[in-house]
Amino acid sequence: MSAAKRGLQRGLLIVAALAALGVAGLVAMQWLMPHGGEQPGSGQVSIGGPFTLTDQDGRTVSDKDFAGKLMLVYFGFTNCPDICPTGLQTIAIAMDSLGGDAARVQPILISVDPERDTPAVMKDYVQAFHERLIGLTGTPEQIAKVAREYRVYYQKVPLKESSLGYSVDHSGFIYLMDGQGRYLTHFRHDVAPDEMAKRIRARF
Ligand SMILES: [Cu+2]
């Protein structure tokens, strides 16, 4: 094989490898950062889906129970040190600033730590943030299913030095879904409350 041909072949291999990396990167980005999928059915990765879980009073609830309301869906867990409290505080302030229109929005916390977050534990927790906040938990399988639908990453992490035993790493987006449970937009957990309220209002 001539040196020129070998050079060309190596060049093609590098191009192919870069293309593969690019595709893998895009897939990873879509998984971790569900950006741009503003219009349902636009060909973007779909976010959300039906769920059946247990609320903080032990009742079985499904996405259908919230039909007609905008759902503000956040995944977290009650032992979360800072990310969840920040996000939930923001949701609470945004809800209050919506005034009477807050009735058109259902904020929901879904636990990514179903082993520890029983309905009773969830009840104490959600009540501390807002009277309208609903806390949902379920079997590990139910939680895995809804997390998959919402493209939420979560992973147990052992904590050697803590009596808690483990923590749960999780992605921190807050999803806004329409009255039929379809994805509208999402917020970072550190979004300003007035920004959140403004963007919710724009969807009424
Ligand atoms: Cu958290």
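Predicted model: local features only at pLDDT ≥ 70, side-chain atom pairs only at ≥ 80, totals over all residues.
**Close-up 1. The buried side of helix 4 (residues 140-149).** Ile 143, Val 146, Ala 147 and Glu 149 are buried in this helix; because they cover an arc of only 160° around the axis, they lie on the same side of helix 4. The buried residues pack against strand 1 (52-54), strand 3 (70-76), strand 4 (105-111) and strand 6 (154-158), whereas the face turned away from the buried side carries the exposed residues Glu 141 and Arg 148. Just after helix 4, Arg 151 takes a positive phi of about 60°.

**Close-up 2. Aromatic pairs and a cluster.** The search of the whole structure finds five aromatic pairs, one of which is formed by Tyr 125 and Phe 129 in an edge-to-face arrangement, 5.1 Å centre to centre and with 65° between the planes. Because these two residues are four residues apart in helix 3, Tyr 125 and Phe 129 are separated by about one helical turn, and both of them are buried. Tyr 175 and Tyr 183 also form an edge-to-face pair, with 6.4 Å centre to centre and 65° between the planes. Tyr 175 counts as buried at 1% relative accessibility, as does Tyr 183, with a relative accessible area of 5%. Together with Phe 75, Tyr 150 and Phe 173, the residues Tyr 175 and Tyr 183 form one aromatic cluster.

**Close-up 3. Charged ends over aromatic rings.** The charged end of Arg 104 sits over the ring of Phe 204, at 4.2 Å from the ring centre.

Close-up 4. Val 121 is partly exposed, with a relative accessible area of 32%. When residues up to four places away in sequence are not counted, Val 121 touches Thr 78 and Arg 116. The C-alpha atoms of Val 121 and Gln 56 are separated by 7.8 Å, although these residues are 65 residues apart along the chain.

Definitions and conventions. Residues numbered from 1 in each chain as written. Heavy atoms only, no water. Buried < 20%, exposed > 50% of the residue type's maximum accessible area, 1.4 Å probe, protein only. Contact = heavy atoms within 4.5 Å. Arc of directions from axis to C-beta. Phe/Tyr/Trp six-rings, centres within 6.5 Å; stacked < 30°, edge-to-face > 60°. Lys NZ or Arg CZ within 6 Å of the ring centre and 35° of its normal.
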